[in-house]
Amino acid sequence: MQTAQRDEFDLLAGQINKIFDHVWHQHFSVFSPTEGWSPPVNLYRLANRLEVCVDLAGVERKSIDVRVEPGRLTIRGLRAAPEPPRDADEVMRILTMEIDHGSFCRVLKLPERVDLARIESEYKNGLLWVRLPLREAG
């Protein structure tokens, strides 16, 4: 009788572990500190260029790395966790933390027509703008 109860317990424990794994991966795995974050991007198509706008509020300009290769735009960097000013001995307790921080990377696929020699970027008011001129079709 003890063996039958043990088998039922093992079966139940296995089912609970599967449910826990499913819930964890569906709802909490995105908060893993090793995965980094991905900044939001707007992409605009104009007559002779693409304009990419990346929301990098709180990121220092010197920590942003923009690389353009044929067919790909890669934006990497680091954002420190925001903290209020405080005295060295002042205790701080975090009540809510929703602002992503740490390493980030965003990769966008680019069309072949992007003129790699004429790309420009500007970082202003927490927004990174990347201008991607297009070569004439033909």
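Biologist: Which residue forms a salt bridge with E69, and how far apart are the closest N and O atoms?

Modeller: The general idea is that side chains of opposite charge can pair when their charged atoms come close. The rule used here asks for a side-chain nitrogen of Lys or Arg within 4 Å of a carboxyl oxygen of Asp or Glu. In this structure, E69 pairs with R72, and their closest N and O atoms are 3.2 Å apart.

Biologist: What kind of model is this, and how are residues and side chains treated?

Modeller: It is a predicted model, so local features need pLDDT of at least 70 and side-chain atom pairs count only at pLDDT 80 or more, while totals for chains, interfaces and linings use all residues. Residues are numbered from 1 along each chain as its sequence is written, and side-chain values use heavy atoms, with hydrogens and water left out.

Biologist: How many salt bridges does the rule give?

Modeller: The count comes to 8. One of them joins R67 and D65, with 2.9 Å from N to O; D65 is partly exposed, at 27% relative accessible area. Another links E51 with R49, whose closest N and O atoms are 2.7 Å apart. E51 counts as buried because its relative accessibility is 8%, whereas R49 is partly exposed at 22%.

Biologist: Which residues are linked with R49 and E51 in a network of salt bridges?

Modeller: E120 and R131 belong to that network together with R49 and E51.

Biologist: Now the fold. How many helices and strands does the chain have?

Modeller: Helices (H or I, at least four residues) and strands (E, at least two) are DSSP runs, numbered from the N terminus. Here they come to 1 helix and 7 strands, and along the sequence the pattern reads α-β-β-β-β-β-β-β.

Biologist: Which strands does β7 join, and in which direction do they run?

Modeller: Two strands pair if DSSP finds at least two bridges between them. Strand β7 (residues 127-133) is joined antiparallel to β2 (residues 49-55) by 7 bridges, and V54 has L128 as its bridge partner in β7. On β6 (residues 120-124), 5 bridges join that strand to β7, again antiparallel, with S121 opposite V130.

Biologist: What lies between β6 and β7?

Modeller: The two strands form a hairpin with 2 residues between them, and N125 in the turn has a positive phi of about 55°. N125 has this phi although it is not a glycine. N125 is exposed because its relative accessible area is 72%.

Biologist: Which residues have the most contacts inside the largest nonpolar core?

Modeller: A nonpolar core is a set of buried Ala, Val, Leu, Ile, Met, Phe, Trp, Tyr and Cys residues joined through side-chain atoms within 4.5 Å. The largest one has 18 residues, and those with the most contacts inside it are V52, L56, I64, L73, I75, L128 and L132. Strands β2, β4 (72-79), β5 (102-109) and β7 each supply at least two residues of this core.

Biologist: What is I64 in contact with, beyond its neighbours within four places in sequence?

Modeller: Contact means heavy atoms within 4.5 Å. With those neighbours left aside, I64 is in contact with L56, V59, I75, R76, Y123 and L128.

Biologist: Where is D115, and what does D115 touch?

Modeller: D115 is in the loop between β5 and β6. D115 counts as buried because its relative accessible area is 15%, and D115 touches P133, L134 and R135, not counting residues up to four places away in sequence. L116 is found in that loop too, but L116 is partly exposed, at 38%. Leaving aside neighbours within four places in sequence, L116 is in contact with V68, E69, P70 and R135.

Note on methods:
Buried means under 20% relative accessible area, exposed over 50%, partly exposed in between (1.4 Å probe, protein chains only).
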